[in-house]
Amino acid sequence: MSIRAELEAALARAEADWRRANEGLIKAQADLLKANAGWDKIVTERRKADTDRRRPGSVWDNMFPDRRVAGVDRRISDAELMALSRAVESRDKAYAGRSKAEADWAAAEAWLNAAAIARDQAIAALEALNQTPGA
């Protein structure tokens, strides 16, 4: 096989790798956007929690139980604990998904950069061969 054929084959492989890396980066960017949207939704829901003092029935309107009365239950109810647990779990899942999407995007970007370097080297080698006399 001649040098020109080998360089053209290497260029074709580098172009194909670059296209796959570019598609991977586009997919990683879409996943990152989706994860960021999920995180923003969680953060927005957290900010709209029961801290609004003007809303009736919010946390600020509740009376504190009198400690001097023996039958008063001052513990947090099971329903409130489960709601808090679900909120913490959804925040954790959204944060983990966002972190994974960011890591995948960084890996895809590194793969695209490596593929671009290999493609540029193959193009430069083929152009150098084309410029040599008698090739």
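These are my notebook entries on a predicted model of one chain.

**Overall make-up**

I began with the secondary structure. I found two helices and zero strands in the chain. Next I looked up burial. Of the 135 residues in the chain, 16% are buried. I then took the surface. The chain exposes about 10,600 Å². Carbon and sulfur atoms supply 57% of that area.

I also checked how far apart in sequence the contacting residues are. I took contacts with a separation of 6 or more, and residues 24 or more positions apart account for 78% of them.

**Helix 2**

I turned to helix 2, which covers residues 78-131 and has 54 residues. From its first C-alpha to its last, helix 2 reaches 79 Å. I compared that with the expected span at 1.5 Å a residue, and 79 Å is close to the 80 Å expected.

Which residues of helix 2 are buried? I listed A94, A101, A108, L112, A115, A116, R119, A122, L126 and L129.

**The core**

I looked for the largest nonpolar core. It has six residues: A21, L25, A28, A108, L112 and A115. Helix 1 (3-47) and helix 2 are the elements that give two or more residues to this core.

I followed L112 from there. Not counting residues up to four places away in sequence, L112 touches W18, A21, N22 and L25. Two of those names, A21 and L25, are also in the core list.

**R119**

R119 lies in helix 2. Is R119 buried or exposed? I get a relative accessible area of 18% for R119. The cut-off for buried is under 20%, so R119 counts as buried.

What does R119 touch, leaving aside its neighbours within four places in sequence? I noted contacts with L11, A14, E15 and W18. The charged end of R119 sits over the ring of W18, 4.4 Å from the ring centre. While on rings, I checked for aromatic pairs. The structure holds one.

**A14**

I moved to A14, which is found in helix 1. Its relative accessible area is 7%, so A14 is buried. Leaving aside neighbours within four places in sequence, A14 is in contact with A118, R119 and A122. I also took a C-alpha distance from A14 to I123. These residues are 109 apart along the chain, and their C-alpha atoms are separated by 9.3 Å.

I picked K41 next and placed it in helix 1. Exposed means over 50% relative accessible area. K41 has 53%, so K41 is exposed. A94 is one of the buried residues of helix 2.

How exposed is N130? Its relative accessible area is 48%, so N130 is partly exposed. I looked up its distance to R4. N130 and R4 are 126 residues apart along the chain, and their C-alpha atoms are separated by 8.6 Å.

**Recap**

I close with the points to keep. R119 is buried, and its charged end sits over the ring of W18. L112 is in the largest nonpolar core and touches W18 as well.

Technical notes
Residues are numbered from 1 along each chain as its sequence is written. This is a predicted model: local features need pLDDT of at least 70, side-chain atom pairs count only at pLDDT 80 or more; totals for chains, interfaces and linings use all residues. Side-chain values use heavy atoms; hydrogens and water are left out. Rings of Phe, Tyr and Trp (its six-membered ring) pair if their centres lie within 6.5 Å; planes under 30 degrees apart count as stacked, over 60 as edge-to-face and the rest as tilted. A charge sits over a ring if NZ of Lys or CZ of Arg is within 6 Å of the ring centre and within 35 degrees of the ring normal. Helices (H or I, at least four residues) and strands (E, at least two) are DSSP runs, numbered from the N terminus. Buried means under 20% relative accessible area, exposed over 50%, partly exposed in between (1.4 Å probe, protein chains only). Contact means heavy atoms within 4.5 Å. Accessible areas come from the Shrake-Rupley method with a 1.4 Å probe; for residues, only the protein chains shown count as cover. The expected span of a helix is 1.5 Å times one less than its number of residues. A nonpolar core is a set of buried Ala, Val, Leu, Ile, Met, Phe, Trp, Tyr and Cys residues joined through side-chain atoms within 4.5 Å.
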